[in-house]
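The sequence and structure come before the discussion.

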Amino acid sequence: MADGSMSSKFMKSAFVGWTMTAGTYYPPDFDASKLMPVKALKPKGQQMMNIRMMFPFTMVCDTCKEYNYTGTKFTAKTEMIKGESYLGLKVYRFYGRCRHCWSEFTFKTDPKNSDYTMESGGKRTYEAWKDADAVESQLKQEKEQEAAQDQMKALEQKAVDVQSEMQRLEDLDAIRTLNKRLGNRDQSIQEALDYLFQQEGQKEAQQEKLPQVDMDELKSFQEAQEERKRKLLDDEIEAGTAASAASSTAASGSPDSEAASSSPAAGSAILSAVAERVSAQANKAKPKFTVKVKRKAPDGESGAEAPAEKRACSDASSGQKPAESKSSVEAGAK
């Protein structure tokens, strides 16, 4: 190295040594056999476990008299109590500190009552539900003792229990049925719509199967029914109008000759108008089908006149009104 300068290789090795070997000085009298293993440095025996939990109840600190409410988070040390258990369930003790004065308190689990028991450092506040549960459990024990002593009461209680169990089963069945019905609601609606569409399609198919002649006759029959209903309604209206006019004329009762002569003229005019309307409607109504009666004419009468029934049918088909009906209408008008 000229002029005291250092090569890049030396600087690189020096940098690695400075960064990787810092704090690893070994004295001349170093003896590796005297070092203790890491396992020996760990404390022996049962160790506490630090956990983050919430207050399971509201407590009052004995030192500062402040409240630590239910649900407040704190860090606790947990240990298992040796020689204390309930039905194979282990009991644990928790160590914590007050949030206000940092004084220590302890409580443990109570698996028998599914609760916690305060041990030291504070007091639990009054909880009404605990008294209610205690009273309920006491009453249950008293009933069990009475049932064990009295056989009749035990039999009655058994009958009541069976009845209540049947009622619960019925309620459960009803709930299941309702849930099933609500679950299949969309499917039921779709099936109903499909059924309606299928019925409509079958009806249209049946109508298409009919011949065109039958379809025409059916349509003409429906039109004739509608025309008949309309005609009956018009006749009822006209009859009501004529009756009201006659009642008004009778109520007036004037002895004048002009009024007496005008009332028959008005009645004849109304009747003639009714006859004209009936004839017009009869001309409009066409027959829906014609009945042709073929009769074998006797020998020598081929050019004889057609029977009266055939003449009536032909007149009806041509739209001409028979002369007898017209003469009857004129006679009624007179």
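The sections below take up the basis of the model, strand pairing, backbone angles, salt bridges and surface patches in turn.

## Basis of the model

The model is predicted; local features need pLDDT of at least 70, side-chain atom pairs count only at pLDDT 80 or more, and totals for chains, interfaces and linings use all residues. Residues are numbered from 1 along each chain as its sequence is written, and side-chain values use heavy atoms, with hydrogens and water left out.

## Strand pairing

Helices (H or I, at least four residues) and strands (E, at least two) are DSSP runs numbered from the N terminus; two strands pair if DSSP finds at least two bridges between them. Strand S6 (residues 104–110) runs antiparallel to strand S7 (residues 115–120), and five bridges join them. Within this pairing, Lys-108 has Thr-117 of S7 as its bridge partner.

Two bridges connect strand S2 (residues 59–61) with S3, where the bridge partner of Met-59 is Asn-68.

## Positive phi angles

Most residues other than glycine have a negative phi. Lys-65, however, has a positive phi near 60° and is placed in the loop between S2 and S3.

Ser-114 is exposed, at 69% relative accessibility.

## Salt bridges

A salt bridge is a side-chain nitrogen of Lys or Arg within 4 Å of a carboxyl oxygen of Asp or Glu; by this rule the count comes to ten. One of them joins Lys-108 and Glu-119 at 3.9 Å, N to O. Because Lys-108 lies in strand S6 and Glu-119 in strand S7, the pair ties together parts that are eleven residues apart in sequence. Lys-108 is buried at 18% relative accessibility, whereas Glu-119 is partly exposed at 32%. Both residues also belong to a network of salt bridges that links Glu-79, Glu-84, Arg-93, Lys-108 and Glu-119.

Lys-130 and Asp-115 form another salt bridge, with the closest N and O atoms 3.8 Å apart. Lys-130 is in helix H3 and Asp-115 in strand S7, so this pair ties together parts 15 residues apart in sequence. Asp-115 is buried at 16%, while Lys-130 is partly exposed at 33%. In helix H6 (residues 212–252), Glu-227 and Arg-230 lie three residues apart, about one turn of the helix, and the closest N and O atoms of their salt bridge are 2.6 Å apart.

## Surface patches

Patches are made of residues with over 30% relative accessible area and no salt bridge, like charges being joined within 9 Å and nonpolar side chains (Val, Leu, Ile, Met, Phe, Trp, Tyr) within 5 Å. A patch of negative charge gathers Glu-142, Glu-146, Asp-150 and Glu-156 on the surface. Asp and Glu count as negative and Lys and Arg as positive, with His and the chain ends not counted; the place of a charge is NZ of Lys, CZ of Arg, CG of Asp or CD of Glu. Asp-150 sits in the loop between helix H3 (128–149) and helix H4 (151–183), and is partly exposed at 31%.

A nonpolar patch comprises Ile-189, Leu-193, Tyr-195, Leu-196 and Phe-197, with about 550 Å² of accessible area together (Shrake-Rupley method, 1.4 Å probe; for residues, only the protein chains shown count as cover). Tyr-195 is found in helix H5 (residues 185–209).

Note on methods. Buried means under 20% relative accessible area, exposed over 50%, partly exposed in between (1.4 Å probe, protein chains only).
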